[in-house]
Amino acid sequence: MIPINYYIILSAILFSMGVVGVLVRRNALIIFMSIELMLNAANLAIVAFSSVLQSFSGQIFVFFVIAVAAAEVAVGLALIVEIFKSKRSIDVDQMSSLKG
Amino acid sequence: MTLELIFFLVLSLTAIATALGMLLSRNAIYSALFLVLNFTTVAVFYLLLGAPFIAMAQVTVYAGAIMVLFLFVIMLLGAESLPKAEVLPWQKPLAITLAVLLAGEAVFLLITRARPTGNVVSPDVAVNTVTNLRALGEALFSQYLLPFEVTSILLLVAMVGAIVLVRKEKRVP
């Protein structure tokens, strides 16, 4: 039997590492991957809680989160491709102008 | 220390190490491959927690579809690594300090204030049955039918949006 606190600590560590990735890296693709890491950490906490409460609602919520993440990745990567076409770079430091 | 706890500790070390590898590798392809390993480790955690359907969805959707899409885009753009540029010297230490603070606060709040403080179920009673899948399917198609259908519209809109975004604009003569 594993206490749920261990899962919560692991989830918090993974989430914070995703936050560090978003704050530190300049490559837009790696920032995007860090956001996926954060979504995953949150999912892990939700499934752990649902396992303790013996309830399926948490698992169903995680299922919806996975579907929304898939949609988000499709649109986000299309945006990154468009930005690369106009700027020839995916460095977030260079995306400082609002004009296309 | 039970076998289950040892298993958990090894898996969590793998998850943290792969997340670190994703953060630290210079090459975006290595980052993506580390992230695939991390997602697979989290899928094993879902199996430990008695959620086999979520584990399989994690492997097929996250580690399969999403990361392949990432690898496609990385190789399409040829954006494996960025050229060196000047960075703010205080940015990295500040970010790491703030993230450690965030992790500490999250752990403190979730452990001291969260209601469920029990143990998670043992996997041998949960993974090897179909009752989990049947109950999940019944809940998904009765209680959560409307969100399920809305998800299909969301995926359709995302697909159309991605196609419209990358489409070449036709010149008006």
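The model as a whole scores ipTM 0.91 and pTM 0.88. Residues are numbered from 1 along each chain as its sequence is written, while chains are lettered from A and ligands numbered from 1 in the order in which they are written. Because the model is predicted, local features need pLDDT of at least 70 and side-chain atom pairs count only at pLDDT 80 or more, whereas totals for chains, interfaces and linings use all residues.

**Build of chain B**

- Chain B has seven helices and zero strands; helices (H or I, at least four residues) and strands (E, at least two) are DSSP runs, numbered from the N terminus.
- Helix H2 of chain B, residues 28–48, has 21 residues and reaches 30 Å from its first C-alpha to its last, close to the 30 Å expected at 1.5 Å a residue, the expected span being 1.5 Å times one less than the number of residues.
- Just after H2(B), B:Gly50 takes a positive phi of about 75 degrees.
- Confidence in chain B is highest in H2(B), at a mean of 93, and lowest in helix H5 (residues 123–126), at 57.
- Where pLDDT is low, the predicted coordinates should not be read in detail.

**Contact between the chains**

- The contact takes 61 residues from chain A and 71 residues from chain B, two residues being in contact if their C-beta atoms, placed from the backbone, lie within 7 Å.
- On the side of chain A that touches chain B, the largest share, 21 residues, comes from H3(A).
- The residues of that side divide into 49 nonpolar, seven polar and five charged, where Ala, Val, Leu, Ile, Met, Phe, Trp, Tyr, Cys and Pro count as nonpolar, Asp, Glu, Lys and Arg as charged, and the others, Gly among them, as polar.

- Buried residues make up 23% of the 173 residues in chain B; a residue is buried if 20 or more other C-beta atoms, placed from the backbone, lie within 10 Å of its own, exposed if 12 or fewer, and partly exposed in between.
- Leaving aside its neighbours within four places in sequence, A:Leu14 is in contact with residues of both chains, among them A:Leu37 and B:Ala15.

Definitions and conventions:
pLDDT = per-residue confidence, 0-100.
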